[in-house]
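Here are a few notes to go with your first look at this model. Please keep the structure open beside you as you read.

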Amino acid sequence: MFLINGLEHDFLPASDRAIQFGDGCFTTARILNGEVCLPDAHILRLQHTCEKLLIPFIQWETLQREMRQLASTKVSGVLKVIISRGSGGRGYSSASCQHPTRILSVSDYPAHYARWRHDGITLALSPVRLGRNPMLAGLKHLNRLEQVLIRTHLEQTDADEALVLDSEGFITECCAANLLWRKGHDVFTPSLKQAGVNGIMRQFCLQQLAHSGFHVVEVSAREEALLSADEVVICNALMPVVPVRAYDRLCWSSRELFQFLAPLCEQTR
């Protein structure tokens, strides 16, 4: 089901800048028992990204009402919200774009996440590296060609997710998740100042860890950093947190960090 500017249909003008230039942003939220998980965090993400991209979206109360409306139709599912700059003019100039487009959709919850949480997943190193751009780093904008290529290469392997480096060789994230690894009581996660997406669940996990016995460090680390890790987990707003059992020749059986985060991440409504 799609809701575009409040109307239930699935047609978008070819002139919309989401199509023309990928000019917009999005967020993807989990629906649990008919409610959006971490709704305020998702709205804040959209507001922050619209501000950074200079998209003049102001209909936040309407958007929140529509999010609640669509979520109420699902016991368990996925809500995706896209904000496009809308249509107007020709070329790159956005001067005549005064009416952003809001697009909401709901879909089924991915069935494989329960298995991932129970069994753990495997990672494979992606040959696709993320370009560095500090102006856009951390944002979930609509330009996702890098992730499309990462997923395409991943689907040619037996792995469940990809370990993704940036163009300088630093660990950044996975294809559709953020990454954390533990060594003793120290938890490391990649710095996202140059590339990557600062995911909603990453933010939530870091908030929980800040008030725990773990010590969190955001780092610029290379692939070798995983060699000494006691445990690796990945997270996103849907999973919400999943243990990694193997990467290349490395295997992990410890679930101390996962067992701390997992119950907290299930209480995010």
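1. Let's start with R182: this is a predicted model, and in it R182 has a relative accessibility of 4%, so R182 counts as buried. D230, at 33% relative accessibility, counts as partly exposed. The side chains of R182 and D230 meet in a salt bridge, with 3.9 Å from N to O. This pair links distant parts of the chain, 48 residues apart: R182 sits in strand β9 (residues 178-183), and D230 in the loop between β11 (215-219) and β12 (231-235). Salt bridges with shared partners also join R182, D230, E231 and E256 into one network.

2. Next, have a look at E161 and R151. Their closest N and O atoms are 3.9 Å apart, in a salt bridge. E161 belongs to strand β7 (residues 161-165) and R151 to helix α5, so the pair ties together parts that are ten residues apart in sequence. Is E161 buried or exposed? E161 is buried, at a relative accessible area of 1%, whereas R151 is partly exposed at 28%.

3. The side chains of D23 and R17 form a salt bridge too, at 2.7 Å from N to O. Both D23 and R17 are buried. The count of salt bridges comes to eleven.

4. Now turn to strand β4 (residues 76-84), where seven of the nine residues are buried. Which strands pair with it? Strand β2 (residues 24-32) pairs with β4 in the antiparallel sense over nine bridges; here, T28 has K80 in β4 as its bridge partner. Strand β5 (residues 101-108) also runs antiparallel to β4, joined to it by eight bridges, and T101 in β5 is the bridge partner of S84.

5. The largest pocket holds about 700 Å³ of space. It is lined by 32 residues, and T28, K140, C175, A176 and N236 are the closest to its centre. The lining takes at least two residues from each of β2, β4, α4 (112-119), α5 (145-154) and α6 (200-209). By class, it divides into 17 nonpolar, six polar and nine charged residues.

6. Finally, the second largest pocket has a volume of about 300 Å³. Among its 18 lining residues, R45, H48, G138, N198 and Q203 lie nearest the centre. Two or more lining residues come from each of α2 (39-53) and α6, with α2 giving the largest share, six residues. This lining has nine nonpolar, six polar and three charged residues.

Key:
Residues are numbered from 1 along each chain as its sequence is written. This is a predicted model: local features need pLDDT of at least 70, side-chain atom pairs count only at pLDDT 80 or more; totals for chains, interfaces and linings use all residues. Side-chain values use heavy atoms; hydrogens and water are left out. Buried means under 20% relative accessible area, exposed over 50%, partly exposed in between (1.4 Å probe, protein chains only). Helices (H or I, at least four residues) and strands (E, at least two) are DSSP runs, numbered from the N terminus. Two strands pair if DSSP finds at least two bridges between them. On a 1 Å grid over the protein atoms alone, a cavity is a set of points where a 1.4 Å probe fits but cannot get out, and a pocket is an open set with protein on both sides within 12 Å along at least five of seven lines; lining residues have an atom within 4 Å of a point. Grid points are joined across faces, edges and corners, and a volume is the space filled by probe spheres set on the points. Ala, Val, Leu, Ile, Met, Phe, Trp, Tyr, Cys and Pro count as nonpolar, Asp, Glu, Lys and Arg as charged, and the others, Gly among them, as polar. A salt bridge is a side-chain nitrogen of Lys or Arg within 4 Å of a carboxyl oxygen of Asp or Glu.
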